[in-house]
Amino acid sequence: MRDAFLGIDTQDWDVATSARPREVQALFHRTIPVGIEFGTVGVLDRHGTLHEVTTFRQDVETDGRHAVVRFGASLDEDLARRDFTINAIAVHAETLRVRDPFGGRADLARRVIRAVGDPRERMREDRLRALRAMRFAGRFDFDIEPQTWDAIVESAPHLGRLSMERVKQELEKIMDQVERPSGTMERYRQAGVLKALIPQLHDVPAVRFQTLDHLARPGLGRRPQRRLLRLAALFIEPGKAPSRTLAKELNALKFSNIEARATIALAEAAADLAFRQLVWEVDDVTLRRNLARIGRLMLPGLARVICARARAEGLEWNSAVLYRRALRIAWRDPLSVTDLAVDGEDLIKAGVPAGKGMGKVLASLLAWVIEDPSRNTRERLLEEVARLA
């Protein structure tokens, strides 16, 4: 009900009932046991849309992440187990009577995130709530009530109980839902969350987080691409080589292989572009070298990250001119071994044995051609092969 009271259009409705899971399954023709042990049954409507129906419940015990629940609770008891007052509002489906025992509507009007009941107890029950509070605050541009904030700070050293998959999911939701993620990331830093979960980001300059705010402009493309660029930008420092352990850090954060490779490639390419030099002038060789590293299709992403950082730095420059120049280079000049005027068969005829040695020769030829694309002729490349041999 939170989004409805805020005037946000949503199709995501939580349905709660006094009926037990087995009763819900008996009442509807098509159901899916989404989480029977926690009281949740998925009900498919005539259009095949899934609606989650959850039985009123109470927590019996919790380890800080997973709870054992008891069915047969009242609506108020069910609402009492919610995290924040703005999420503890119910409306009767037929009478539209509002049940709001913890003042959630008042907190919506005051634009504040406040825990239901004792904030420290809520955080102990589920450590993920500390991260959710900061995401909601960023998404709705709300403040966090002081006692709830104190409980979040107190909870930070215990966040190691969370799986990194859940931490990654929270980061993804921030990148998807929050218009200006820098505020949420700064809250993470102030609360000690970064120090506990992602220490490599704890001391990064504030402008790194501010870059994220400029990666949400219209025209960026589909949401998954925005999410990936924002996540990648957390680990990119133009003009500075990425950490040697970046791959291990991304793996620990449960980045997919595709996300990790893209992030590392973008970080390495941006590192080669001395940032303030880039704003004024960068030579074609440097552009070719970095385009070869990231691949032609990653050029728009690199350009957006660099431009977003420039805006965060408050620098004014004609990025469109540089982008058009890079785009011409990307689709005109040789940037991969498949663009070379010779192939493996030519090298075999020239006496180069198949295997790793051939790969090294092709890599050397590509580096040589990137320095000067006019070298990319069959005759000159075979001369270079002879010299390398």
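1. Let's start with helix α21, residues 378-388 of this predicted model. L381, E384 and V385 are its buried residues, where buried means under 20% relative accessible area, exposed over 50% and partly exposed in between, using a 1.4 Å probe on protein chains only. These three sit on the same side of α21 because they cover an arc of only 105 degrees around the axis; the arc is that of the directions from the helix axis to the C-beta atoms. On the face turned away from the buried side you'll find the exposed residues E379, E383, A386 and R387.

2. What does the buried side of α21 pack against? Its buried residues pack against α19 (344-349) and α20 (356-371), with contact taken as heavy atoms within 4.5 Å. Helices here are DSSP runs of H or I with at least four residues, strands are runs of E with at least two, and both are numbered from the N terminus.

3. A quick word on ground rules. Residues are numbered from 1 along each chain as its sequence is written, and side-chain values use heavy atoms, with hydrogens and water left out. As the model is predicted, local features need pLDDT of at least 70 and side-chain atom pairs count only at pLDDT 80 or more, while totals for chains, interfaces and linings use all residues.

4. Now the strands. β4 (residues 50-55) runs parallel to β1 (residues 15-17), joined by three bridges, and T17 has T55 as its bridge partner in β4. β4 also runs antiparallel to β3 (residues 40-44), this time with five bridges, and L44 stands opposite L50. Strands pair here if DSSP finds at least two bridges between them. The β3-β4 hairpin has five residues between the strands, and G48 takes a positive phi near 85 degrees.

5. How many salt bridges does the structure hold? There are 29, each a side-chain nitrogen of Lys or Arg within 4 Å of a carboxyl oxygen of Asp or Glu. E121 and R124 make one of them, at 2.8 Å from N to O. Both belong to helix α5 (residues 119-125), three residues apart, so about one helical turn separates them. E121 is partly exposed at 31% relative accessible area, and R124 is partly exposed at 39%.

6. R129 and E125 also meet in a salt bridge, again with 2.8 Å from N to O.

7. D284 is in helix α16 (residues 284-294) and R325 in helix α18 (residues 319-332), 41 residues apart. D284 counts as partly exposed at 29%, as does R325 at 24%.

8. Finally, the cores: sets of buried Ala, Val, Leu, Ile, Met, Phe, Trp, Tyr and Cys residues joined through side-chain atoms within 4.5 Å. The largest has 61 residues, and I113, L131, M185, Y188 and L234 touch the most other members. Helix α6 (residues 128-140) supplies its largest share, eight residues. Leaving aside neighbours within four places in sequence, L234 is in contact with M175, M185, L201, R208, F209 and L212. A second, separate core of 14 residues includes L347, V361, L362 and V385.
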